[in-house]
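Okay, thanks for making time, everyone.

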Amino acid sequence: METTAIRQAERSEFTRAAQALARAFYDDPVVQHVWPHEAKRLRRSELSFAAQMRALRSRREIHVDEDFGTVAVWARPDQWEIPTTALVRVLPTWLRTRVGVGSLLAYLRTDALHPDEPHWYLEFLGTVPQRQGQGLGGRVLEPVLKQADEMGVPVWTWSSNRRNLAFYHRQGFTVLDEIPFVPGGPPIFPIRREPRA
């Protein structure tokens, strides 16, 4: 079977990466909670992903396959926090896409869930629906998981979809908790992968 090349997206390709993530997350429980209007969800989430990638471009690595079937957005161990300057840049787009204040605060509160020690942060991972189940998600993670192993640091993220936990388990992640994204809202699952020798 032919393997798919994984590379880092160029800045000019952020819109294409955001479009792929928006398609991948369309049915995600948290995304449905944030943008319940089905007809507007795709465009609003696309704008949000793109704005966040651009605001954090110096602090993120966006890994893609050649046809943007899958996208992983990574923060290096010392760069996972969102600086105030980046937050100011992305906030107008979040407000324009009608992210509720409660959802926005809940997203920002996930920072408190991060481990204290240095770690890679998988901010987003998505595969477009027609390419799911083909191994792309695992392939796009490989370069950073290997790097984390070589560095001897864990990888941390949170999943917003219970259905994806089996996939993460296969990649070596362990579920740490189950907590509501917002009171009465869908759950999120902080997960962690320890470095392998």
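Let's start with the lining of the largest cavity: by class, that's 5 nonpolar, 1 polar and 3 charged residues. The classes here put Ala, Val, Leu, Ile, Met, Phe, Trp, Tyr, Cys and Pro under nonpolar, Asp, Glu, Lys and Arg under charged, and the others, Gly among them, under polar.

Quick housekeeping: this is a predicted model, with local features needing pLDDT of at least 70, side-chain atom pairs counting only at pLDDT 80 or more, and totals for chains, interfaces and linings using all residues. Residues are numbered from 1 along each chain as its sequence is written, and side-chain values use heavy atoms, with hydrogens and water left out.

Points are joined across faces, edges and corners, and the volume is the space filled by probe spheres set on them.

Helix H5 (101-109) and strand S4 (120-127) each put in at least two of the lining residues; helices (H or I, at least four residues) and strands (E, at least two) are DSSP runs, numbered from the N terminus.

Now the largest pocket, at about 1100 Å³. It has 47 lining residues, with Ala 24, Phe 25, Asp 28, Leu 125 and Asn 164 nearest the centre. Strand S4 turns up again, giving the most to this lining with 6 residues. By class, the pocket lining splits into 22 nonpolar, 18 polar and 7 charged.

On to packing. Across the protein chain's 197 residues, 50% count as buried (under 20% relative accessible area; exposed is over 50%, partly exposed in between, 1.4 Å probe, protein chains only). A nonpolar core here is a set of buried Ala, Val, Leu, Ile, Met, Phe, Trp, Tyr and Cys residues joined through side-chain atoms within 4.5 Å. The largest one has 41 residues, and Leu 21, Phe 49, Met 53, Ile 62, Val 71 and Phe 181 touch the most other members. Helix H1 (residues 14-24) gives the most to that core, 6 residues. Take Met 53: beyond its neighbours within four places in sequence, it contacts Phe 14, Ala 17, Ala 18, Leu 21 and Ile 62 (contact means heavy atoms within 4.5 Å).

Last bit, the backbone. Most residues other than glycine have a negative phi. Phe 68 isn't a glycine, yet its phi is positive, about 60°. Phe 68 sits in the loop between strand S2 (60-65) and strand S3 (70-75), and is buried, with a relative accessible area of 3%. Arg 98 also has a positive phi, about 65°, and lies in the loop between helix H4 (84-96) and helix H5. Is Arg 98 buried or exposed? Exposed, with a relative accessible area of 61%.

Definitions and conventions. On a 1 Å grid over the protein atoms alone, a cavity is a set of points where a 1.4 Å probe fits but cannot get out, and a pocket is an open set with protein on both sides within 12 Å along at least five of seven lines; lining residues have an atom within 4 Å of a point.
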